[in-house]
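Subject: Structure handover

Hello,

Please find the structure below. Notes on its salt bridges and nonpolar cores follow.

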Amino acid sequence: YDYSLHSVPVKTTHQIRKVSQGTRKHSQHRHHRTKRHRTDKDKILKKDVNPTDTVKGILGDTEGSGHEPHQLFSELEELCKTENGMEWKETARWVKFEEDVEEGANRWSKPHVSSLSMHSLMELRSFLVNGTVFLDLEAENLNNIMDVLLESMVNNNQLTYEKIALIKSVILRKHRHQFEGMQRTKSHSALSGIALLATSIALPKIKSLADIAQQPAAAPDWTSPPRTDEDLENDAKNVLFMKKLPKDAEASNILVGEVDFLEEPFSAFIRLQNSTQLGDLTEVSVPTRFLFILLGPESAVQSYH
């Protein structure tokens, strides 16, 4: 028999078989290699699984939960001392890559890949475990968010009642963004150029008050449209940078600062049920979904900047 006709490899082995009493006979057996059929489990393992879907399954955010993924714009603000008192100043932002405000240069650094040390990661884990975490908080503005947050922390003995007004006053202070300083610098240089141009123009000589009366009065410009609330809002927002963000982007605001009325760190992570515009908290007109607050005492051992 020609075994080469088989498509499956054949292995021939010898086995001793007892035929009758006192005699032995060799017999040949053919062992065929069985084909392993692919099961559904193998297909699932080989199928590409989206990590986002895995995390949503762990958190319980199914299709009917109401949480849809959005592109995220993150902004870091630090509490700084100025001539007008304490105010929040933008120091970094993230849109896929990280950009930092260069100290002394009043400009943004080049976008680069963010890096996080193991120590910082462990500190963040500690704050999330020991601090306050609010998920699906319903609020319309920053003032309402702070009221609900601070009241809950007082009820859970995480904060004393005397600290409520102090913390709320710090969070609601002026938020100054990097593009505002850049606009102020450009406006100052433009005004200087206009003043220099005006001084170079010779004014007409006026000999008496009668000459002033004969000068034609400037007609009001009725053609220019009046400024609307949207124009005023655009002045307080970075419209140029807004064009770089996706249409459905949401904001994640991070506030970090040092105060003299705390003995222990104060941390809170908040996820809003519905993304909401929070005034001047963000440099672009993007609704906020996440908010992380970290305040700590002034100390030479650990700095929160």
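There are 8 salt bridges in this predicted model, a salt bridge being a side-chain nitrogen of Lys or Arg within 4 Å of a carboxyl oxygen of Asp or Glu. Local features need pLDDT of at least 70 and side-chain atom pairs count only at pLDDT 80 or more, while totals for chains, interfaces and linings use all residues. Residues are numbered from 1 along each chain as its sequence is written, and side-chain values use heavy atoms, with hydrogens and water left out.

One of the salt bridges joins Asp147 to Lys168, at 2.6 Å from N to O. Asp147 is in helix H4 and Lys168 in helix H5, 21 residues apart, so this pair links distant parts of the chain. Helices (H or I, at least four residues) and strands (E, at least two) are DSSP runs, numbered from the N terminus. Asp147 is partly exposed, at 34% relative accessible area; buried means under 20%, exposed over 50%, and partly exposed in between (1.4 Å probe, protein chains only).

Arg289 and Glu250 also form a salt bridge, at 3.1 Å from N to O. Arg289 belongs to strand S11 and Glu250 to strand S9, so the pair ties together parts 39 residues apart in sequence. Arg289 is buried, with 12% relative accessibility, and Glu250 is buried too, with 6%.

In the salt bridge between Arg107 and Glu102, the closest N and O atoms are 2.8 Å apart. Here Arg107 is partly exposed at 48%, and Glu102 is partly exposed at 29%. Salt bridges also link Arg93, Glu99 and Glu283 in a network.

Now the nonpolar cores. In soluble globular proteins, nonpolar side chains tend to be buried together. A nonpolar core here is a set of buried Ala, Val, Leu, Ile, Met, Phe, Trp, Tyr and Cys residues joined through side-chain atoms within 4.5 Å. The largest has 29 residues, of which Leu149, Ile167, Ile171, Phe266 and Ile293 touch the most other members. At least two residues each come from strand S7 (132-137), helix H4 (142-155), helix H5 (164-171), strand S9 (250-259), strand S10 (266-276) and strand S11 (288-297). H4 contributes the most, with 6 residues.

Which residues does Phe266 contact, leaving aside its neighbours within four places in sequence? They are Leu149, Leu150, Met153, Leu159, Ile167, Ile293, Leu294 and Leu295, where contact means heavy atoms within 4.5 Å.

Regards
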